[in-house]
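Me: Could you walk me through a few packing details of this model, one at a time?

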Amino acid sequence: MKTLKKIASVLLSVLVVGLVFTACKGNEEKPNNNTNPNNASVKSIRYLNFKPEIADKYQEVADEYEKETGIKVIVETAANNSYEQTLTAKMATDEAPTIFQINGPKGYINWKDYCADLTDTEIYKHLNDKNMAVTSEGRVYGIPYVVEGYGIIYNSAITDKYFALNNKATSYNSMSEINTFKALKELVEDMQKNRKELGIVGVFSSTSLKAGEDWRWQTHLANIPVYYEFKKNNVDLTSEAIGKISFEYAENFKNIFDLYTENSVSDKKDLGKKIVDESMAEFAQGKSAMVQNGNWAWSQINDISGNTVDESKIKFLPIYTGIEGEEKQGLCIGTENFLAINSKASEAEQKAAADFIYWLYSSEKGKSHVINDFGFIAPFDTFSAEETPNDPLAKEIARYMNDGNYTNIPWQFTVFPSLNFKEDFGSALLQYVQGTKSFEDVKNTVVSKWESESSMAK
């Protein structure tokens, strides 16, 4: 009897081992193609798209992702200028988005109860510049998904011509030597003196100060001193500390603004009539050597009738203002577009959403859509410097993003208090160049209007 029991026991053990081996072998023969095995219970996630112009492209991405993973991405798109209203309406329903967009730190303040902590997500680990993320108390709640950049665009054919002059008054022989405001000022002022030999009307294109056309100065240029002030004072951009500024670096703003207006194609008295399109046309037609603008200006330059600028000669230079340590300063690179994940969704849905975002910005198929269909400059190290939209200024942005020698300046004008503040700032700048206001008056306007508009916004 004991012998029979032993035999039965051995046979049972062999049977169990055989079943386990068969099961393991079966799993090897039938691999799970779902890239999200931890989210097997998740059948779908929702994405509320901000960009109507590429809604059909997002649908193609969603269809491809479902084929590959089995998870359906339901793409819904808000109409132009209605994203916040659409998001508010959707959040109160069973069709709330799993992935949505916030507009920088101010957007986070509005939606913080719905923003999941993204600090440990794979996509955040691959963000080139962690300072670009929307953070609060050391945690990450918004991740930029497309970036743009701006600085001083220059025509290297003209600067090279200057460096070859026998009678130039500076010792500079290359734009690589121009990495401070002092150097830039010396270069620009001597180029202005030699403008006839260089075949230009002025070094800089016109500083457009017509109402509604002055955003390059009251927003983009102003971003630099505000960034440095917030950085020096360790200001949390989601806190009430942004309600006041002292415009501590006003003199630095004045440095570069005066350089633009005093070495220009246009006389100061005419700047109140100038618009951005005219400024870009002056650069494209070779009347100027430099102009402050962003990578979006490539289409303006390329499409202008009478364009004389060789595509290979269009480069970016950081906006130097004389702030200490600016030798390593890069371009102003940022966005107003940040992805957030709905904290009210289940943990599995949040994980599925994070997996989708990472797939889109890391897989070869996903990246192809980002570059070729969306036309995005992506801020992640999963993209090489060559994996950018095919235009010279986008490639320059990628070059600065991927060069660890530079510290690029994030876009902090997303926390500027209001449109009224920016319009008052622009108006004060126009009065300054017209000689009816001192720059001290401009500084006082900036400080007082910032505080009053911030108070009204509460």
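**Strands and helices in contact**

Reply: Happy to! Cys332 stands opposite Ile409 in β11. This is a predicted model, in which local features need pLDDT of at least 70 and side-chain atom pairs count only at pLDDT 80 or more, while totals for chains, interfaces and linings use all residues. Residues are numbered from 1 along each chain as its sequence is written, and side-chain values use heavy atoms, with hydrogens and water left out.

Me: Which residue stands opposite Cys332 of β9 in the antiparallel pairing of β6 with β9?

Reply: Helices (H or I, at least four residues) and strands (E, at least two) are DSSP runs, numbered from the N terminus. Two strands pair if DSSP finds at least two bridges between them. Strand β6 (residues 148–155) meets β9 in the antiparallel sense over three bridges. There, the residue opposite Cys332 is Tyr150.

Me: How many residues of β9 are buried?

Reply: Buried means under 20% relative accessible area, exposed over 50%, and partly exposed in between (1.4 Å probe, protein chains only). β9 covers residues 329–334 and is mostly covered. The number of its residues that are buried is six of six.

Me: How are α17 and α18 oriented to each other?

Reply: Axes are lines fitted to C-alpha atoms, for helices over the stretch in contact, and angles run from 0 to 180 degrees between N-to-C directions. The axes of α17 and α18 come within 9 Å and cross at roughly 170°. Angles under 35 degrees count as roughly parallel, over 145 as roughly antiparallel, 65 to 115 as roughly perpendicular and the rest as oblique. The two helices, α17 and α18, are therefore roughly antiparallel.

Me: And Lys449: is this residue buried, partly exposed or exposed?

Reply: Lys449 sits in helix α18 (residues 439–457). Leaving aside neighbours within four places in sequence, Lys449 is in contact (heavy atoms within 4.5 Å) with Phe421 and Asp424. Its relative accessibility is 32%, so Lys449 counts as partly exposed.

Me: What handedness does the crossing of α11 and α17 have?

Reply: Helix α11 (residues 250–262) and helix α17 (residues 419–433) pack at about 55°, with axes 12 Å apart. That makes α11 oblique to α17. A crossing is left-handed if the near helix is turned anticlockwise from the far one by less than a right angle, and right-handed if clockwise. For α11 passing α17, the crossing is right-handed.
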